[in-house]
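Here's a quick walk through a fold, from its sheet to its core. Have the structure open and follow along.

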Amino acid sequence: MARRKKNTKKLTQVGPLEYKGWKIEDSCWFPVNWESRIHLGTILTFYPEDNIEPAVQVLDMTHGGYRTIPFRYIFDDSKKAKLFRKKEFAK
């Protein structure tokens, strides 16, 4: 007996394709509060009108998984992300 064709839904884009010079599928470096390492990721979605502050969803290439982080946490260089981490999370 022949199998039925699966009904697949195409994902729709939620937010804008570009935000403050960053585009979807750009690579970025970002710090994580509970880890000392800097992570490398790929931008998936922008949330410019978030309740707390503008955010971005990132696919974490270093440790896997999806992360939604504040927009100010993404950088194009790992050294900039390390300096930001020292200033932001040092307490």
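## Ground rules

Helices (H or I, at least four residues) and strands (E, at least two) are DSSP runs, numbered from the N terminus. One thing to keep in mind: this is a predicted model.

## The sheet and its helix

Let's start with the sheet. It is an open one, made of 4 strands in the order β3-β4-β5-β6, with antiparallel pairing. At the edges sit β3 (27–31) and β6 (66–70), each pairing on one side only. On average, neighbouring strands here are turned by 50° against each other, direction ignored. Helix α1 (residues 78–89) packs on this sheet, where it touches β3 and β4 (38–47), and its direction makes about 25° with that of β3.

As for β5 (residues 55–60), 5 bridges join it to the antiparallel β6. Look for Gln57, which stands opposite Thr68 in β6.

## The core

Which residues touch the most other members of the largest nonpolar core? Among its 18 residues, those are Val56 and Ile74. The elements giving two or more residues to this core are β3, β4, β5 and α1.

Skip the neighbours within four places in sequence, and Ile74 is still in contact with Trp22, Cys28, Trp29, Phe30, Ile43, Val56 and Ile69.

## Tyr73 in the loop

Tyr73 lies in the loop between β6 and α1. Is Tyr73 buried or exposed? Its relative accessible area is 13%, so Tyr73 counts as buried, the cut-off being under 20%.

Beyond neighbours within four places in sequence, Tyr73 is in contact with Trp29, Phe30, Pro31, Phe84, Glu88 and Phe89. Cys28 is 45 residues away from Tyr73 along the chain, yet their C-alpha atoms are separated by 9.5 Å.

Terms used. Residues numbered from 1 in each chain as written. Predicted model: local features only at pLDDT ≥ 70, side-chain atom pairs only at ≥ 80, totals over all residues. Heavy atoms only, no water. Pairing = 2+ DSSP bridges. Axes fitted to C-alpha atoms, helices over the stretch in contact; angles between N-to-C directions. Contact = heavy atoms within 4.5 Å. Core = buried A, V, L, I, M, F, W, Y, C linked by side-chain atoms within 4.5 Å. Buried < 20%, exposed > 50% of the residue type's maximum accessible area, 1.4 Å probe, protein only.
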